[in-house]
Amino acid sequence: MTVTEEPQAASGTDTAPQKEIGQARRRKEDARLITGRTTWTDNMVLPGMLHMAVLRSPVAHGRITALDVTAAKEAPNVVAVYTGRDLAEEQGSIPCAWPVTPDMVNPGHPSIAVDQVNHVGEAVAIVIGRSRSAAADALELIDVDYEPLPVVLDMEEAIAEGAPLVHDSTESNRSYHFVFDAGEAGTGSDTEQAFADAEVVVSRRFVQQRLIPAFMEPRSVVVQPQGDNYTMWSATQIPHILRVMAAMVTGIPEHKLRVVAPDVGGGFGGKLQVNPEEILALLVARRLGKPIKWTETRSESLMTAHHGRDQIQYVDVAADREGNVKGLRVRLLADMGAYLRLITPGVPALGAFMFPGIYKFGAYRFECDGIFTNKVPTDAYRGAGRPEATFAVERIMDELAVELGMDPLELRRKNWINADEFPFTTVAGLAYDSGDYETATQEALRLLGYDELREEQRRRRESNDPVQLGIGFSTFTEMCGLAPSRVLGSLSFGAGGWEHASIRMLPTGKVEVVTGSTPHGQGHETAWSQLVADSLGVPFEDVEVLHGDTAIASRGLDTYGSRSLVVGGSAVVKAADKVIAKARKIAAHLLEASEDDLEFSGGKFSVRGTPGASLGIQEIALAIFAAHDYPEGIEPSIDAEATFDPENFSFPHGTHICAMEVDTETGFVKIRKYACVDDVGTIVNPLIVEGQVHGGLAQGIAQALYEEAVYDADGNLTTGTFVDYLLPSAADLPHFDTGNTVHEAPGNPIGAKGVGEAGCIASTPAVVNAALDAVRHLGVADIRMPLTPERVWRAVHAGGDGGDRAPDRTNAQAVDSAQAPAAGSQGGVQ
Amino acid sequence: MIPAPFAYARPTTVDEALQAIADGGEDVKILAGGQSLIPVMRLRLAAPETVVDLDRVDELRGVREDGDALVIGAMTTHADVLHDPLIGQYAPLIAQATETVADRQVRRRGTFGGALAHADPAGDLPSVALALDAEFVIAGPNGRRTVPAADFFVDYLTTALEEGELLVEIRVPKLAGQWGMRYEKFNRVAQAWSIVAVAAAVRREDGHIAEARIGLTNMGPTPLRARATEAALAGAEASAEAIAAAARSAAEGTSPSSDLNGQADYREHLAQVLTRRAVSAAAGL
Amino acid sequence: MTSINVRVDGASYSDDVEPRTLLVHYLREQLGKVGTVVGCDTSNCGACTVHLDGQAVKSCTVLAVQADGREVTTIEGLAGGGAPDAALHPVQKAFHEMHGLQCGFCTPGMIMASIDLLNENPSPSETEIREGIEGNLCRCTGYQNIVRAVQQAAGELSGSAGGQA
């Protein structure tokens, strides 16, 4: 086990072969990013390029009764104006790749509204101008009349009898009802029986508020038409998927469409999408034969780029009095928003398998309703389904501990999978690969300084200090490395989960690695170079990693779900193995030795027992480029490619502990200390791993404390700028104490488990559990996220949960402020 | 986004500025530091016909003494206010509050006068000006007039400035005696506007509070004084108990709004807690 | 249109701009200084931070006409005028060394704000660093390595005679 608090630099100067994997290599990507020599999509300028601006609906639900674009068309420097009617025949529907049930209702998703708008921000007209400002100015000249329709915002109201419909074409606002029952699946016992037999049942309702991914680079797309070929540059996580989908939507043949993701400024799932504006830019470029650029403003981004989370979770746990958990029952309401985008319905389904967490439940049943409302669609956001599941189980374990009067950590220990039980098949049917929850926990307790903080907590309680201290745990795991293609197929996902790589050995011995995984901040260029340097025995500096362009990286399934290293990196390693295998034949030929007598080490083939007889793989690259002398019957190339399809997910795990100060007078909460130990399998670059954990923590903590997309009663996004949608700054976040244990993943050649989402998944419940631990003795049972000072103050002041236990009727209100003490309140402040 | 087109004037003197405002047509906006105005124009929530930019009116910058008052030029940036020795000596409350305004870059451009003329009740400086009984010197076509802070803030985003007028300087009385000051700001993240904040200046004499001045941020459509608390503190013992008792009336006469960050009753509660804390700190407790 | 003369990253430019043109759009679209980026429209994110007469400002909240007669330094002007092989500014180097960036979109603004902080306070505490960059949002790093980078740069700068922008 190792603990990485201060990663050390690789010296990089030693001549002796040095293992690259495990070195804290400084990133290759940085050189351009720290000097401003970047290629963000919005930087692109092409001759004759026109700019697209989008007129967006100010109403959440309405029929378009009149739309007059005459004045806009005549405005100076406006080239064209289009409405939904103009594009209705050719726009198709934004695709949904995840029909989670056979009878899932998908009403279709036009890129631009034709007759009806279903959320604020939906496109109703587009202006094409010679400049960004000309297009923006002309938007103000367009007149639209809307006949308002009843606005559907609250999920529980939306599926009540007689509720107004978001879509006229559907029978209800329910898109699907998805069920996983372990009893029926044969992975667990009968859930109803487990609950009937239980000595203790604890039931809670948790709200996963709506979040906005809020990547720093706004979305941007440029489409260049050349004859019947099109090149699309887009700030996307998924150039490969986007190409397939855009071709299918527009009818442009796939081989006539090239998609490029240049430098991309963050995604977090938010750029795992086929955007209406990408389709519109393509359609307009086809019509006008001119390059088209669209770059969103931040306000447009917050209003129209897909959101995440937004679930109501009813969670029941069954246990005996000794604290052995028996059964878990989850009923989920998931807000789809107005439409189904790329994987909108699949996000809660992906989470379905993670609700049991690391615990040995005997029985489990999961049900989920996907519900339409007049809001922007939800879709992937860092963790996508798994943070919601982890939150629910880690919160309910604390609630059970309170009910039983047990220490929350002891309850976890009693029920988690022990290190000697791996691989372990859970009640949800997943085979957890490896890990050791106890060791990670011990290390996290040490990093936190647990005993001292518990002592301080006791002192503050005894002295009735206005600032109380709490400690919260999250002992989590997640499913990463998305994903085994056959498993995805069994879940009705529209694509596989493999990844592709190829390696090109250049004549001078330099190496080009082409990956189908598309980075947007993760550091692939550095980590992949480390993988290849070790595999081929070439210098780190001699490797160039190419990505993000369908003309260069012909096959790929892109970056999301903590899959890049686990799946994409494994493809690179497999491709390198093939390069070595091909080079071995050439080496044997040139060294006049038998292949079986060759050893490959440190980039060289040596003949066993013949000192001095050796040939480097970089020399072989030159030899085979010349191709003057190579064996009969093989091709003159040592380039190779590989596609890796994992047989299982990987399961990173960790223990996160948060110590939280709560000012009971104001409700202000402040993280006192945060310690976590993650097991992400093999660590290729500790610097990158640590950075991923830090960033994930920031987002998970932000869900707990700061962020929420709030709609008013009319369906307007109240948090439509960064003034109101609160991203934490450096001044708002604590120092993180991080560490690692390493248990290699057996399912891939690297042994990596994935790290992109870990911090984000683990931290949210740790933070909320900590806040509750600080004020539970004051009668507080729950506080709805984000833990605004007002909510915390009301919870402390009124007891119970601060008035948020009542059914969530106030989703559309600016603030949930029901003030009646909740049922089950244990009394107020002393 | 990009602001809608506008005509632009860049005067270099107050007289030129007044002329530019007079010539600017129906809808003139005065651009001071621009840190509130430009975002609002980018969002096209404001689309003025003319923008009169005071950036080059040098006579409006700087802090000077004038007898018993400090005179702060309206175009003095927050960054300059922060580092000004006179402010540090005679009105540290202004420096304390200014330090909490937005962030480093915004404080480089944003101005003292601009923030006051914008009169956002969630802004930090209006309540400070009110607590210190500042006076506002306004230039107009007919000369200059001086308006006390109590009359300057009229309503939400509305001041005593009439059309064609310009805020040129703010006079802050130098406080005599032993004053302690504290700006207690409460917000959710560092950059955010105040949910509530309290500006307190306290003069102590012989273990008692001789005089307290308390300005409240975001407790109504304008900045307010906590008059009841001030009255209760006058002559009171400088003790935690006395201050706590006086602070309970801090929200009297306020009319805070309810929004995303807090309902009115929560703001009233915060006003009491923050007043207690600010006065205690200002009183050296 | 208004005529302006601006020095940007050491070179003089003379241009006609619409008064409504934001400095950041002038830099990006008229001068091709695309190293400086736009991340929001409310002056919150700080991605567009440049130095105006040596002080950090958010170039999305300054009009291009306001830069008339003034000197602007962007991220592209830091490393010895931007030549490809020029030495990095100590703050740039520290961001690289300490892994103070991931996607890199906030990085130019973050670096320009950090330099401004260090110009004013050459040896800031961790709290002073965190507060000093509160006007710059990063969604990737959780800020910890950015803080480390500023600390490292502070050490290097205080050990050397100058080299600040």
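Reader: Which domains does the domain assignment give for chain B, and with what bounds?
Author: This is a predicted model, in which local features need pLDDT of at least 70, side-chain atom pairs count only at pLDDT 80 or more, and totals for chains, interfaces and linings use all residues; side-chain values use heavy atoms, with hydrogens and water left out. Residues are numbered from 1 along each chain as its sequence is written, while chains are lettered from A and ligands numbered from 1 in the order in which they are written. Domain bounds come from an automatic or database domain assignment. For chain B it gives domain 1 (7–53), domain 2 (62–173) and domain 3 (179–282).

Reader: How far apart are the C-alpha centres of domain 1 and domain 3 of chain B?
Author: The C-alpha atoms of chain B fill a box of roughly 60 × 45 × 30 Å along the principal axes. Within chain B, the C-alpha centres of domain 1 and domain 3 are separated by 35 Å.

Reader: What is the radius of gyration of chain B?
Author: Chain B has twelve helices and 14 strands, which are DSSP runs (helices H or I, at least four residues; strands E, at least two) numbered from the N terminus. The globule rule is 2.2 Å times the number of residues to the power 0.38, and the radius is taken over C-alpha atoms. For 285 residues the rule gives 19 Å, and chain B comes close to this, so it is as compact as a globular protein of that length, with a radius of gyration of 19 Å.

Reader: How many residues of chain C are in contact with chain A?
Author: Contact means heavy atoms within 4.5 Å. On the side of chain A, 55 residues qualify, and on the side of chain C the number is 48.

Reader: Which helix of chain A gives the most residues to the side that touches chain C?
Author: Across the interface of chain A and chain C there are six salt bridges, one of them joining Asp137(A) and Arg20(C) at 2.6 Å, N to O. Helix 1 (30–33), helix 4 (132–139), helix 10 (298–304) and helix 20 (686–705) of chain A each supply at least two residues of the side that touches chain C. With nine residues, the one that gives the most is helix 20.

Notes: Salt bridge = Lys/Arg side-chain N within 4 Å of Asp/Glu carboxyl O.
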